[in-house]
Amino acid sequence: MRLRSGVFASSCLLVEALGVALFLRGFFPLPVRSLPRSEARRDPPAEPAPPGSGMVSNWTKIPPPLFKKVVIVLIDALRDDFVFGSKGKQFMPYTTQVIEKGTSHSFIAEAKPPTVTMPRIKALTTGSIPGFIDVIVNLNSPALLDDNLIWQAKTAGKRIIFYGDDTWVKLFPKHFVEYDGTTSFFVSDFTEVDDNVTRHLDRVLKREDWDILILHYLGLDHIGHMTGPNSPLVGPKLHEMDNILKKIHISLLSKEGESSLPNLLVVCGDHGMSETGSHGGSSEGEVHTPLLFISSAFEKRSGPLTQPKLVQQTDLATTLAVGLGLPISRNSVGNLILPVVGDKTMREQLRFLHLNGFQLSRLLQENTPAYEKDPGYEHFKIAEKSHGNWIKLYLDGNNSEILLNLGKKVLKQYLEALKTLSSSLSKQVAQYDMYSMLVGTVIVLEVLFLLLLITPKALSSRAEFEVPLSPPLFSLLFYLMCLMLCAVHVIVCTSAESLCYFCSMSWLTAVGVMVLISALMCGILSAIGKILESSRVPVKNPVVSNSSWSEVDVLILAGTIGHVLSLGASSFIEEEHQTWYFLINTLCLALCQELCRNYFLLKEGDPQHSITLKQSFDNVKEAYECKNIDIPAAGDSKLGKVTSSAEFIKGSDKWISLASPWIILICCRLLRSLNQTGVQWAHRPDFGHWLTRGITEARFVYVFVLGIVFTGTKDLLKSQVISADSSVKSIGLWEVYSGLVLLAALLFRPHNLPVLVFCLLIQTMMTKYIWRPLKFDAAQITIMHYWFGQAFFYFQGNSNGIATVDVSAGFVGLDSYVEIPAIFLTAFATYAGPLLWAIHLLCYLSSEVSRNSAAMGHGCFCYALVRSIPVAVYIILVTSLRYHLFIWSVFSPKLLYEGMHVFITAVICLFFTAMDQNQSRKVQD
Amino acid sequence: MKEAEIKRLLAANLLCVFSIILTTTVPAFFLDSFSVLGTHLTWLCICSVSISALNIVLCLVLKPNPSPKRSSFAHKISRFLKCCIYFFMSCILFHVIIVLYGAPLIESVTETFLFAVLLSTFTTLHCLCMLGPNIQAWIRVFSKNGAMSIWDNSLQITTMCSILGAWFGAFPIPLDWDRPWQVWPISCSLGATFGYMAGLIIAPLWIHWNQKQLTYKSR
């Protein structure tokens with residue numbers, strides 16, 4: 001079967017996309033273990049029965065609530081040192097006094113990454129750890145369907161009032177008797193957003209008709225985003241929060257007199273903030289949040305203040321459930337924070353711990369088949385047994401020292417068991433589905449090898465080659481491999497203990513994948529065989545090695561390899577934009593040197609030089625002709641010029657050409673300071689902030705949109721004038737291109753429009769003054785386009801973190817969230833840079849077809865290859881680094897970006913192939 | 001003839017390397033709290049000045065490319081002035097390129113400029129000493145197969161190595177190791193220095209080993 005290299009490349013990429021999808025599915029375990037709510041209110045376990053028959057504990061119900069009213073004050077982005085550090089002492093005097101001398105317990109709650117508000121709210125209310133994929137799947141935060149504290153409270157008849165971030169309202173629709181949501185949309189709003197919460201406070205605190213009050217303050221988060229944690233705005237905001245806490249606390253204390261049960265005030269943060277004021281990652285500042293329990297039920301603190309103990313954020317859900325007398329949420333992995341119930345009787349404390357342990361062990365039972373071997377489960381069983389013994393002593397009426405000591409021992413055993421249980425449960429969230437990952441990796445690697453092996457043939461002048469499909473497909477090896485792989489599949493799936501996605505697919509699909517793998521393998525083997533064969537046969541036409549490598553070639557190769565290698569270090573992933581900026585700068589300088597050589601050195605009268613000179617004349621002529629296809633309006637005059645000045649290139653053109661790399665460099669430098677992205681230098685001031693501050697942005701929008709509309713129409717007119725027979729397609733391509741440019745202009749943040757303008761400028765200059773005169777081949781052009789596309793990805797302000805995805809692009813022109821257009825628009829806005837460069841590449845190559853008919857095929861093939869190499873290497877790196885400290889904060893988001901990029905590249909390559917197909921048909925006609 | 005010249009080249013280059021090593025150690029006896037990392041700017045100044053002085057002296061002593069005829073004093077002065085202007089322009093050019101590569105534009109201008117001066121010392125000054133303010137000669141030397149003597153070859157290699165060294169020196173900057181040598185522009189200037197030293201040592205050896213292939217056109 002003969003295949004064009006474009007077709008081959010796109011089919012390879014499609015297969016690769018499949019492999020990447022499989023790998024991603026294995027790498028990001030979905031939080032599958034959310035249990036249905038229906039069973040959530042099953043009968044609670046009784047106290048463990050004392051040994052011996054006949055004696056049964058009479059305490060089978062859930063313990064009664066410990067607190068009457070609970071107020072939860074959640075301050076967004078409240079970092080631990082804002083309360084416990086020097087800032088807290090300075091700006092939160094009341095809270096500090098309560099912490100130091102009052103009736104309170106203070107902890108540092110550790111949040112798990114991703115430290116973004118929505119997953120944190122889920123963690124606080126369900127006690128489970130939302131998986132990484134949760135963030136992606138739930139960009140529009142639909143209702144929370146898992147068992148959670150708020151639902152439990154509502155079903156138990158508690159009346160809940162909520163004021164604050166409207167994420168809660170979306171997560172818990174119809175749960176609150178009264179609510180007022182504030183939106184986090186206007187990040188520059190520091191005061192209104194909090195006043196909208198506080199204005200209800202006086203009225204609500206006077207009323208008696210509620211049980212739980214939740215307040216979520218967003219102002220501090222906004223201040224952090226705009227100005228960072230050390231800004232002078234933080235102090236007054238903390239002071240404001242302190243006054244609110246004081247008001248609530250005093251009001252709660254004043255209400256307590258008549259009722260028997262005390263009230264509870266909980267102060268917590270959902271996540272902290274980094275030194276730059278952002279959040280989402282796993283740095284210490286982002287992860288550590290304060291957690292305060294204030295209630296008159298606690299003993300007054302005495303003695304010196306000790307450093308607050310570290311607890312998990314998920315512990316809050318369990319502790320509150322116990323405090324409110326509710327069943328613990330089924331998916332919670334949290335542990336009861338014992339000091340909060342520390343002044344209850346020993347029997348009650350043990351009862352709480354037993355409930356918690358029972359819930360955790362049941363969660364473990366439902367998730368791991370081999371739960372009985374788990375050390376946590378074993379510990380729990382032992383603790384339960386000694387608990388039974390203790391109850392026997394207790395029921396016997398034994399009230400001595402022995403009982404107390406034994407109780408303490410049981411308590412310790414329980415705490416130990418809880419810790420082990422919850423750590424083994426949390427580990428399960430991060431458990432990888434190695435088998436699916438392996439299958440995905442194998443597919444991706446095979447595709448890469450196939451592409452690499454076929455490279456010399458695919459880049460030959462015909463861009464067509466024979467794919468020997470039938471011999472490998474009918475070989476014995478193929479069937480043997482299929483059989484073997486199927487056998488391995490059966491063995492792995494029957495012996496696997498944990499959940500495996502690939503095994504849960506239907507067996508037909510699995511067999512299909514196996515056949516695919518073995519077919520690819522046989523393809524590789526036959527390709528290798530052919531290469532060996534051809535190397536053994538005396539080479540008919542000696543390999544064209546006289547074209548030695550130019551500096552640009554060396555740079556392109558070194559840059560590609562260097563970038564791929566740099567993916568192994570987390571810092572280089574965080575700062576990947578720096579790599580690309582560095583590379584395109586060097587590329588520009590290399591091009592400048594090439595241009596200098598082209599224009600200056602050829603003047604000398606060497607015979608060898610004169611030949612190249614002649615060639616360069618041809619180039620220039622050709623370039624002019626090519627240009628004339630593009631710019632027919634100016635065609636006649638230019639053609640005249642070319643013929644008249646056949647001796648030499650026009651002086652002005654030469655100088656513009658020499659200056660263009662420098663202009664491009666300056667453009668890139670400006671763009672780089674437009675959006676400071678990455679992590680280390682993200683705090684540097686950038687033009688983007690300056691532009692978003694004032695009215696300037698609106699004016700910029702008008703100017704740039706007008707400019708782009710003008711360019712677009714000009715391009716269209718240009719292509720219209722060209723005689724229809726030769727380049728109907730070129731018109732179409734330009735239309736597509738300008739359409740995409742307009743779409744990008746619509747979707748970009750206003751301050752990013754310069755990126756688009758400079759993108760167009762650089763593309764024009766590159767084409768006109770550098771690529772055409774220097775006559776690079778399609779492969780070089782493709783890789784340069786790819787590099788520039790990557791650099792523009794970061795110029796837009798993207799980074800390798802999830803936080804920079806601009807979700808608002810998905811809402812442009814839509815009344816409400818509609819999934820498919822929103823996904824499409826967001827993906828386009830994110831990958832606009834690479835996409836625009838890819839389409840430009842297509843336009844450029846299609847205009848180049850007259851010179852090299854295989855240009856499109858080569859371009860498509862190179863594009864596929866350049867994309868496959870980093871993906872394949874990165875997949876292997878991530879697999880080997882899967883227990884790295886930064887795997888969730890740095891490597892996983894990058895993996896998602898890479899995967900998405902593969903899908904987009906596959907689409908682009910299909911488009912390429914379609915264009916190429918038209919071309920070939922036309923040639924045949 | 002050739003062997004002797006290579007030996008002279010080797011001696012001169014080793015002297016340069018030695019002087020660079022001296023600049024890292026000797027000032028510590030005269031200046032309090034001097035260290036390459038701690039007081040990097042001082043070291044940059046000292047290194048640039050001493051290397052340029054040594055280069056000029058070597059150039060006067062060895063006369064690698066003797067000018068064809070004795071020229072007048074005024075001619076010499078104009079040549080010298082031209083050299084100064086070229087050197088200054090190359091400093092500015094390097095500064096611009098470094099800023100284009102992403103160095104801060106307004107902050108730490110001194111650091112960037114001194115780094116540019118160091119790079120110019122390693123590359124431009126060397127060229128000026130060897131070739132004089134003669135653009136045509138420069139273009140000839142830095143084009144393919146343009147070298148006419150082992151001095152030209154050595155010039156090519158050291159220049160390439162210093163620039164490559166500075167280029168590679170930028171790599172560790174984004175890493176989050178928080179080491180003192182990751183501060184701008186220490187890693188780059190150290191990279192350039194190591195590259196220069198490596199170039200100085202490699203050049204005579206490379207010429208020695210490739211003697212057969214190197215055939216120089218007579219001028």
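These legends describe close-up views of a predicted model. Local features need pLDDT of at least 70 and side-chain atom pairs pLDDT 80 or more, while totals for chains, interfaces and linings use all residues; side-chain values use heavy atoms, without hydrogens and water. Residues are numbered from 1 along each chain as its sequence is written, and chains are lettered from A in the order in which they are written.

**View 1. Helices α1 and α18 of chain A pack at an angle of about 160°.** Helix α1 covers residues 5-27 and helix α18 residues 434-458. Helices (H or I, at least four residues) are DSSP runs, numbered from the N terminus. The two axes lie 7 Å apart. Axes are lines fitted to C-alpha atoms over the stretch in contact, and angles run from 0 to 180 degrees between N-to-C directions. α1(A) and α18(A) are therefore roughly antiparallel (over 145 degrees). Their crossing is left-handed (the near helix is turned anticlockwise from the far one by less than a right angle).

**View 2. Residues of α1(A) meet residues of α18(A).** Contact means heavy atoms within 4.5 Å. From α1(A), the contributors include A:F8, A:C12, A:V15 and A:F23. From α18(A), they include A:M437, A:I443, A:L450 and A:I454. By class, the contact has 17 nonpolar, six polar and one charged residues. Ala, Val, Leu, Ile, Met, Phe, Trp, Tyr, Cys and Pro count as nonpolar, Asp, Glu, Lys and Arg as charged, and the others, Gly among them, as polar.

**View 3. A:F8 and A:F788 touch the most other members of the largest nonpolar core.** This core has 166 residues. A nonpolar core is a set of buried Ala, Val, Leu, Ile, Met, Phe, Trp, Tyr and Cys residues joined through side-chain atoms within 4.5 Å. Buried means under 20% relative accessible area (1.4 Å probe, protein chains only). Helix α32 of chain A, residues 753-774, supplies the largest share, 13 residues. Not counting residues up to four places away in sequence, A:F788 touches A:I584, A:L587, A:C588, A:I664, A:C668, A:I762, A:M766 and A:W837.

**View 4. A:S571 of chain A touches residues of chain B.** A:S571 sits in helix α24, residues 570-574. It counts as buried because its relative accessibility is 2%. Its partners include B:P174, B:L175 and B:D176.

**View 5. Chain B has eight helices and zero strands.** Strands (E, at least two residues) are DSSP runs. Of its 219 residues, 49% are buried. Among chain B contacts with a separation of 6 or more, 72% join residues 24 or more positions apart.

Terms used. Angles under 35 degrees count as roughly parallel, over 145 as roughly antiparallel, 65 to 115 as roughly perpendicular and the rest as oblique. Buried means under 20% relative accessible area, exposed over 50%, partly exposed in between (1.4 Å probe, protein chains only).
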